[in-house]
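Please read the points alongside the coordinates.

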Amino acid sequence: MALNYLNLVGNAELVKQLNYAMIYRLIIQQSPISRIQLAETSQLAPASITKITRQLLKKKLIKEVDTQQSTGGRPAVSIEAKFENYQSIAIQLSRAHVTIELYDLGGNSLVLKRYPLTDYTQRLAQNYLINLIELFCNEHSKKIKNLIAISVVMPGVIDSVNGIVRYTPHITVNNWPLAEILQQKFNVSTFVGNDVQSLALAESYFGSTQNVQDSILIRVHRGVGSGVIVNQQLLMNHNQSASEVGHIQVNPLGQRCHCGNFGCLENQVVNTEIENRAKLLIEQGYPSKLTIDKCDIVTICQLANQGDELAEKLIKNAGENLGRAVAIMVNIFNPQCIVLAGEITKSPEILLNAINSVLYSQSLQQLRENLSLNCSTLNDCSAIGAFALVQQALFSGSLLMTILESEK
């Protein structure tokens, strides 16, 4: 394949952006850290470090803290990130709710509000969302010192590079240029992304995969989604999507999926399928503390943890089906860590044991030797995935330079 040399072209502004981003990220990840340590770690000249940190201090993105102990000569001053001077609005547009959350730059939630979603056409949903953001900003204006970004995540096919919603299952859209519309309305940087992919990114920034290079997050809810992190970067392709794990076939004799295939993972493990299977078995006389009126996924997990035979059977069956898909992912991507999210993880021991039993029989030993499998510690019902898009823009330098070049 011919090498595209255009992708290798750099310029002074790009180099500047990357250098500022590298130093800012080092300060966040290794603080407190001195300028000397920054120069040694980054391999940038001390004069460059001084210039960069001076700009970051001026914009109140970092702060100087207690002087470190001297090892000879003038003692070094430590630097830490400063998060409270800027805020971003993160939004999760789910099938039934709009979650709006205010974050500082450290990923600390300042305010969370949840509103019902009742408009399912592009125009109505857009107007409703704008009205909600305006209402949110007015109600919490005292906590918003400097709003630097708005980010929105939702299920579906999202062109995050151009900020366009190509498809989402709960709103009828036609190449919805949501990022451009919100940016023009609120005059701040705006980001749009897929909810589960963004959650995988959040897990790598704030969750259990912070210290690994390669990881996969799989979320089970109304559908099954996944996000793949390779070398601490979200795996994307030309269509802004990758790893559609929900449509891996795990049961050739299973029911037809909406995608046209039979026995997709999504058909076997989503909340509604587990709940419907519970109702069917209860009607057939299977003994259980579950009842027709009380067999939601949370109750199933609770009773499974208490030893209810039917509830255990349902979670174990779902775990085995997940294990088949996880084994395929391990064989393809060889991750260091796989994280599961969703209500089904409320029965972690039964679920993980079932997944592991299949994983060990269907994946290569060399690829699973150092693999860790666990449940997410993040609140996947919050808008933390949307904030991860803001963090990504800070760490890439694009949003960081916008802050540094602003007149405020």
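**Notes on the predicted model**

1. Cys-295 is buried, its relative accessible area being 5%; buried denotes under 20% relative accessible area, exposed over 50%, and partly exposed the range in between, with a 1.4 Å probe and protein chains only. Cys-137 also counts as buried, at 18% relative accessibility. A search of the whole structure returns 0 disulfides, a disulfide being a pair of cysteine sulfur atoms within 2.5 Å. Cys-295 is accordingly in no disulfide, and the nearest cysteine sulfur, that of Cys-301, is 12 Å away.

2. On conventions, this is a predicted model, in which local features need pLDDT of at least 70 and side-chain atom pairs count only at pLDDT 80 or more, while totals for chains, interfaces and linings use all residues. Residues are numbered from 1 along each chain as its sequence is written, and side-chain values use heavy atoms, with hydrogens and water left out.

3. As to overall form, the protein has 14 helices and 15 strands; helices (H or I, at least four residues) and strands (E, at least two) are DSSP runs numbered from the N terminus. The radius of gyration is 23 Å, close to the 22 Å given by the globule rule for 408 residues, so the protein is as compact as a globular protein of that length. That radius is taken over C-alpha atoms, and the rule is 2.2 Å times the number of residues to the power 0.38. Along the principal axes, the C-alpha atoms fill a box of roughly 80 × 50 × 50 Å. Of the 408 residues, 51% count as buried.

4. The largest nonpolar core has 53 residues. Such a core is a set of buried Ala, Val, Leu, Ile, Met, Phe, Trp, Tyr and Cys residues joined through side-chain atoms within 4.5 Å. Among the residues with the most contacts inside this core are Ile-27, Leu-38 and Leu-399. Helix 13 (residues 384–396) gives the most to this core, with 9 residues. A second, separate core of 45 residues includes Val-245, Ala-278, Ala-325 and Met-329.

5. Leu-26 lies in helix 1 (residues 12–30) and is buried at 11% relative accessible area. Not counting residues up to four places away in sequence, Leu-26 touches Ser-31, Leu-38, Thr-41 and Ser-42, where contact means heavy atoms within 4.5 Å. Leu-26 and Phe-395 are 369 residues apart in sequence, yet their C-alpha atoms are 9.7 Å apart in space. With the same exclusion of sequence neighbours, Ile-27 touches residues including Leu-38, Leu-56 and Glu-80.

6. Which backbone atoms does the side chain of Asn-194 reach at 2.9 Å? They are the oxygen of Gly-156 and the nitrogen of Gln-197. Asn-194 lies in strand 10 (residues 189–194) and is buried, with a relative accessible area of 14%. Beyond its neighbours within four places in sequence, Asn-194 is in contact with Val-153, Met-154, Pro-155, Gly-156 and Ile-158.

7. The geometry of helix 11 (residues 348–362) agrees with expectation, because its 15 residues should span 21 Å at 1.5 Å a residue and its end C-alpha atoms are 21 Å apart. The expected span is 1.5 Å times one less than the number of residues. Among the buried residues of helix 11 are Ile-350, Leu-351, Ala-354, Ile-355 and Val-358. The buried residues of helix 11 pack against elements including helix 9 (297–305), helix 10 (309–333) and strand 14 (337–341).

Methods
Polar contact = N/O pair within 3.5 Å; in protein donor to acceptor, adjacent residues only side chain to side chain.
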